[in-house]
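I opened the file to look up the surroundings of the ligand. My entries follow the structure.

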Amino acid sequence: MTSRIIGTGSYLPELIIKNDDLSKIMETSDEWIASRTGIRERRLVKEETTAYMSIQAAKIAIEESGVKAEEIDLIIVGTITGDYITPSTACEVQAAIGANRAAAFDVNAACTGFMTALHTAYAYMAAGVYDTALVIGAETLSKIMDWDDRSTCVLFGDGAGAAVVKKDTVGLISMVQGSDGQKGMNLSCKNRESKNPFNQGKDTIYYTQMNGQEVYKFAVKKVPECISEVLEKANICTDEIKYFILHQANMRIIQSVAKRLKVSEDKFPISLDLCGNVSAASIPILLDQVNKKGMLEKGDKLVLAGFGGGLTWGATVIEW
Ligand code: UT7
């Protein structure tokens, strides 16, 4: 027994911010952003919250899956930008969709968040604990950006993607996951500090900082490595894979991964041009877009692979 994705959904905020909109308010250009990253526009929240976007994506995935909310045993949200420290986004989703039986919690693995949530759900199901899970990746990255730092704020966007996963005889074939905490400070966002009556602290909030070149070097090495490893575990070669659904951080990273794996770039669907980097949400959003376009048939084999803050990575081979 394994488990299979039986429904997907996604939500993108209505507000579209193009590269030229950014160049009006900071020293950047469409040329720089598009040529260095492939990003042309991104969606940013106005009224929407991380929970709201998660709930919209979840409702679409549940409807497509045909399961009832009350049948869901487990809800896991990969996010670093929940609306509250507690309750978790997963608990907010549970309340909104009426998944009364579900255990619900968030996981923090930054851009690998959806992969980590998916693997956790798979592991619970493989252990026979649960049968049906709702797995979400959702981010409101715009609220943790330093909008005076052009080297980071132009890269990221907001959104959510979801998948319903159910116990089945086909589905997940293999998975790998890892982290390198030694390199963690290359992509960081410090938690708030606060003063109390007994310290000399101050109330301070912090924003995302990234050593882009170090993260880039990590990604172009680690992503092909972990994809090769997960394929080897599955005893499947790249030719048998229909699509490689990668975390959408930078077009140049995706091109480099394709080259290192000796796979045509046509097998790497893209959403970063219109969404930017949506961290934990990027893989489930892209998977939903590919699914909704009718590009997937039962029996297709896919690789999903994420990487990012932590530093973390994770890859899985699935049968659709
Ligand atoms: O999802 C989590 C994982 N994250 C990633 O995978 C990100 C990985 N890193 C990257 O994708 C790339 O390193 C970036 C896109 C972040 C940056 O590209 P780069 O080619 O590494 O550029 P750079 O940081 O070396 O900056 C080159 C130049 C600098 O100017 P000087 O020092 O050469 O004069 C920057 O100040 O570009 C300048 N620059 C900008 N110029 C215009 C930095 N940001 C901007 C900007 N607009 N927004």
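**Ligand shell**

I sorted the shell around the ligand by class and got 11 nonpolar, eight polar and four charged residues. Here Ala, Val, Leu, Ile, Met, Phe, Trp, Tyr, Cys and Pro count as nonpolar, Asp, Glu, Lys and Arg as charged, and the others, Gly among them, as polar.

The model is predicted: local features need pLDDT of at least 70, side-chain atom pairs count only at pLDDT 80 or more, and totals for chains, interfaces and linings use all residues. Residues are numbered from 1 along each chain as its sequence is written, and side-chain values use heavy atoms, with hydrogens and water left out.

I listed 23 residues around the ligand, with T28, Q213, H247, N250 and N277 the closest; a residue is near if one of its heavy atoms lies within 4 Å.

Next I looked up which helices (DSSP runs of H or I, at least four residues, numbered from the N terminus) take part. At least two shell residues come from each of α2 (30-37), α6 (150-153), α7 (212-234) and α8 (251-261). The most come from α7, which gives four.

I then checked the domains, whose bounds come from an automatic or database assignment. Domain 1 (2-168) and domain 2 (174-319) both contribute shell residues, so the ligand lies between them.

Last, I took polar contacts (pairs of N or O atoms within 3.5 Å). The side chain of Q213 has an N or O atom 2.5 Å from a ligand oxygen. For R36, a polar side-chain atom is 2.8 Å from an oxygen of the ligand. For the W32 side chain, the distance from an N or O atom to a ligand oxygen is 3.1 Å.

Conventions
Polar contact = N/O pair within 3.5 Å; in protein donor to acceptor, adjacent residues only side chain to side chain.
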